[in-house]
Amino acid sequence: MLNVSIALRLILSLAVVVAITLLLWYEKAVAHQSGILIFFYLIPIVFVAAVFGSIPAIVAIVVATVFAPMLLYEPLYSWHVADSLGWSDLFWFDLLGLAAIKCTVALLRPMKGNGDPRGRARSLS
């Protein structure tokens, strides 16, 4: 049962990435927006981290990083990114995404002990 739960979480997180990728690809095709479209992945990935946990969110970041150059950066339908600024966008997206996942998971983790955020400091005084 545990493997089914993990597989379902991964499939749903990949579905979120596919939906956002198609939405951003459509935006780029219609409005001819170039630039920092990849950063619009962050809110859905934080949502994935909050609902499904850190591992599906990290998989979502990896998948988004692999397929974003193909659909969002020139030349389209190629993993080659013509502009070096695009590579820096991908790097900062990965770094910011991992930090957002870590913060989201840490904030949603239940507190341990007696509920005092200061931990042992209160019992020692």
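I take buried to mean under 20% relative accessible area, exposed over 50%, and partly exposed in between, with a 1.4 Å probe and protein chains only. By that rule, 29% of the 125 residues of the protein count as buried.

**Ground rules.** This is a predicted model, where local features need pLDDT of at least 70, side-chain atom pairs count only at pLDDT 80 or more, and totals for chains, interfaces and linings use all residues. Residues are numbered from 1 along each chain as its sequence is written, and side-chain values use heavy atoms, with hydrogens and water left out.

**Overall fold.** I looked up the secondary structure. Helices (H or I, at least four residues) and strands (E, at least two) are DSSP runs, numbered from the N terminus. The protein has five helices and zero strands. Along the sequence I read α-α-α-α-α. Next I checked contacts, meaning heavy atoms within 4.5 Å. I took contacts between residues at least 6 apart in sequence; 63% of these join residues at least 24 apart.

**Helix H2.** Which residues of H2 are buried? In this helix, residues 42–52, I list Leu 42, Pro 44, Ile 45, Val 48, Ala 49 and Phe 52. They lie on the same side of H2, because they span an arc of only 165° around the axis. The arc is taken from the directions that run from the helix axis to the C-beta atoms. Just after H2, I noted Gly 53 with a positive phi of about 110°.

**H2 against H3.** Two packed helices are described by the angle between their axes and the distance between the axes. Axes here are lines fitted to C-alpha atoms, for helices over the stretch in contact, with angles from 0 to 180 degrees between N-to-C directions. H3 covers residues 54–72, and its axis comes within 7 Å of the H2 axis, crossing at roughly 155°. That makes H2 roughly antiparallel to H3. My angle classes: under 35 degrees is roughly parallel, over 145 roughly antiparallel, 65 to 115 roughly perpendicular, and the rest oblique. The crossing of H2 and H3 is right-handed. Handedness is left if the near helix is turned anticlockwise from the far one by less than a right angle, and right if clockwise.

I then listed the contact. H2 brings Ile 45, Val 48, Ala 49 and Phe 52; H3 brings Pro 56, Ala 57, Ala 60 and Ile 61. By class, the contact of H2 with H3 has eight nonpolar, no polar and no charged residues. Nonpolar covers Ala, Val, Leu, Ile, Met, Phe, Trp, Tyr, Cys and Pro; charged covers Asp, Glu, Lys and Arg; the others, Gly among them, are polar.

**H2 against H4.** H4 runs over residues 84–108, and it packs on H2 at an angle of about 35° with the axes 9 Å apart. This crossing is right-handed. From H2, the contact includes Leu 42, Ile 45 and Val 46; from H4 it includes Phe 93, Leu 96 and Gly 97.

**H3 against H4.** The axes come within 10 Å and cross at roughly 165°. H3 and H4 are therefore roughly antiparallel to each other. H3 passes H4 in a right-handed crossing. Among the residues in contact are Ser 54, Ala 57 and Thr 65 of H3, and Leu 90, Asp 94 and Gly 97 of H4. The contact of H3 with H4 divides into eleven nonpolar, three polar and one charged.

**Helix H1.** I picked two residues here. Is Ser 13 buried or exposed? Ser 13 is buried, at a relative accessible area of 0%. It is found in H1, residues 2–31. Neighbours within four places in sequence aside, Ser 13 is in contact with Val 48, Pro 56 and Ala 60.

Leu 10 is also found in H1. Leu 10 is partly exposed at 26% relative accessibility.

**Loop between H3 and H4.** Most residues other than glycine have a negative phi, and most peptide bonds are trans. I looked for exceptions. A cis peptide bond joins Glu 74 and Pro 75, with omega about -10°. Pro 75 sits in the loop between H3 and H4. Tyr 77 is found in that loop too. Phi of Tyr 77 is positive, near 65°. Tyr 77 counts as exposed, at 53% relative accessibility.
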